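Please open the model in your viewer and keep the selection tool at hand. The stops below go from one selection to the next, with a note on what is found at each.

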Amino acid sequence: MAASHDHHDHSHGHAHGHGHGHGGHSHGPVDTGDWRYAVGLLVNLAFVVCEVIAGLYSGSSTLLADAGHNLSDVLGLAMAGGAAWLVRRSSGKNLTYGYGKATVLAALANALLLIFACGVIAFEIVHRLAEPAPVASGVVMIVAGIGFVINLGTALMFMRDQHSDLNARGAYLHMMADAGISLGVVVIGALIMVTGWSILDPLISVVIVIVILISTWGLLKDSVSLAIDAAPAHIDVEAVRSALSTLPGVTAVHDLHVWGLSTTEAALTVHMVHDRADSAALLAEAQALARDKFGIGHTTLQLETGPSPDCPDC
C-alpha cells in the first residue's frame with residue numbers, strides 16, 4: 001500500500017538546513033502475495049510426498065533427488081510467505097524501518113537452501129552411479145508430468161511481480177526451474193523405457209544440479225548485496241549522484257547512500273550544497289527525481305548553503 005509523507009525543512013544558525021522527504025512507496029510484496037505463497041506451499045508439499053513415494057516405488061534416483069529439491073522450494077515458499085506477512089505487520093517503536101529486511105533474509109535463506117539441495121542431489125548421484133538399478137520408467141514419466149503442470153502453474157502466479165520483488169523472483173525461478181526439470185525427467189523416462197538404459201536416471205540428476213546452480217546464482221548475489229545494505233541492482237548510484245548534481249542551484253553532492261529497505265523498497269540519504277533561496281522547492285524536486293526516475297520512495301535530504309564540518313571541501 002502506498003504511503004506518503006510530507007517533507008520539511010529546518011533552518012540552523014550554521015547556515016544549512018535538513019530536509020526529509022518520503023515519497024509514495026509500497027511496503028513489501030504486493031497485496032496478493034500471501035495467498036500465492038500459501039497455495040504454492042500446500043500444492044508443492046503434497047507433491048513432494050507423492051514424489052518420494054513414487055521414487056521409492058520406481059527405484060528412480062531422479063524422482064528422489066527432485067523431491068529433495070522440491071522440498072527446499074516448499075521451505076523457501078514458507079519463508080518468503082512468512083516474510084510477506086511480517087512486512088504487513090505493524091512494527092514496534094524500536095523497529096523504525098519495520099520488518100522489511102525480513103524479505104531480504106528470506107530471499108538469502110532461499111538461495112542457501114537451493115545450494116544445500118544441490119549437495120543432497122550430488123550425494124544421490126554418486127550412490128546411483130556406483131550401484132545402478134532398474135527404473136520403473138512409466139511411473140517416472142507420470143509423476144514428472146504431474147510435477148511439470150504443478151510447477152508451471154505455481155510459477156505463473158509469481159511471473160508478474162518477478163522484476164519488482166526479489167522473493168517473487170526467487171519463487172518464480174524455483175518453479176520455472178522445477179518445471180523444466182520435470183519436463184526433462186519425462187523425456188528421460190521415455191528414453192529409459194525405449195532403450196533400457198537405467199544409467200540415464202542418475203545422469204539427469206547432474207543436469208538438475210546445473211540448472212539449480214545457474215538459477216540460484218543471481219538470487220544469491222542480489223540477496224547478499226541487499227543483506228549488507230548495498231544499493232539494489234537496478235539502481236545506478238553514480239547516475240543518482242549525477243542527476244542530483246544537475247538540479248538547478250546544486251553546487252555539490254556528498255555523503256550519498258542508497259540501500260534496500262526490503263526486496264521491493266529502497267532508501268536514500270544525501271547532503272546537497274546549494275545556493276537557492278527556495279530550499280523547499282529544491283527538496284520537492286530532489287524527492288520527485290529520486291522517486292520518479294530511480295524508484296527510491298524513502299529519501300532523507302540534508303541541504304547545506306556552505307561547507308559543513310564533515311565535508312569542508314564541498
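How many of the seven residues of strand β5 (residues 298-304) are buried? Select that strand in this predicted model: six of its seven residues are buried, and β5 is thus described as mostly covered.

Read from the N terminus, the elements follow the order β-β-α-α-α-α-α-α-α-β-β-α-β. Of the 314 residues, 48% are buried, and the protein exposes about 14,500 Å², with carbon and sulfur atoms supplying 68% of that area. Among contacts with a separation of 6 or more, 74% are between residues 24 or more positions apart.

**The cores**

Now select Val240, Leu244, Leu247, Leu268, Val270, Met272 and Ile296, which are the residues with the most contacts inside the largest nonpolar core, a set of 22 residues. Two or more residues of this core come from each of α7 (237-245), β3 (250-260), β4, α8 and β5, and α8 gives the most, with six residues. In soluble globular proteins, nonpolar side chains tend to be buried together. Centre the view on Val240 and, leaving aside residues up to four places away in sequence, display what Val240 touches: Ile235, Leu256, Leu268, Phe294 and Ile296. Apart from this core lies another, of 18 residues, including Leu63, Cys118, Ile125 and Val209.

**The salt bridges**

Side chains of opposite charge can pair when their charged atoms come close.

- Select Glu238 and Arg241, which form a salt bridge with the closest N and O atoms 3.5 Å apart; the two residues are three apart in helix α7 and therefore separated by about one helical turn. Arg241 is partly exposed, at a relative accessible area of 26%.
- Select Arg276 and Glu285, whose closest N and O atoms are 3.0 Å apart in their salt bridge, with Glu285 partly exposed at a relative accessible area of 30%.
- Select Arg291 and Asp292, whose side chains meet in a salt bridge at 3.3 Å, N to O; Asp292 counts as exposed at 59% relative accessibility, while Arg291 is partly exposed at 29%.

**Two backbone angles**

For the last stops, display the backbone at two aspartates. Asp229, although not a glycine, has a positive phi of about 65 degrees; Asp229 is placed in the loop between α6 (200-227) and α7, and is partly exposed, with a relative accessible area of 41%. Asp255, also not a glycine, has a positive phi of about 50 degrees, but the place to look for Asp255 is strand β3, where this residue is partly exposed with a relative accessible area of 33%.

How values were computed. Residues are numbered from 1 along each chain as its sequence is written. This is a predicted model: local features need pLDDT of at least 70, side-chain atom pairs count only at pLDDT 80 or more; totals for chains, interfaces and linings use all residues. Side-chain values use heavy atoms; hydrogens and water are left out. Buried means under 20% relative accessible area, exposed over 50%, partly exposed in between (1.4 Å probe, protein chains only). Helices (H or I, at least four residues) and strands (E, at least two) are DSSP runs, numbered from the N terminus. Contact means heavy atoms within 4.5 Å. Accessible areas come from the Shrake-Rupley method with a 1.4 Å probe; for residues, only the protein chains shown count as cover. A nonpolar core is a set of buried Ala, Val, Leu, Ile, Met, Phe, Trp, Tyr and Cys residues joined through side-chain atoms within 4.5 Å. A salt bridge is a side-chain nitrogen of Lys or Arg within 4 Å of a carboxyl oxygen of Asp or Glu.
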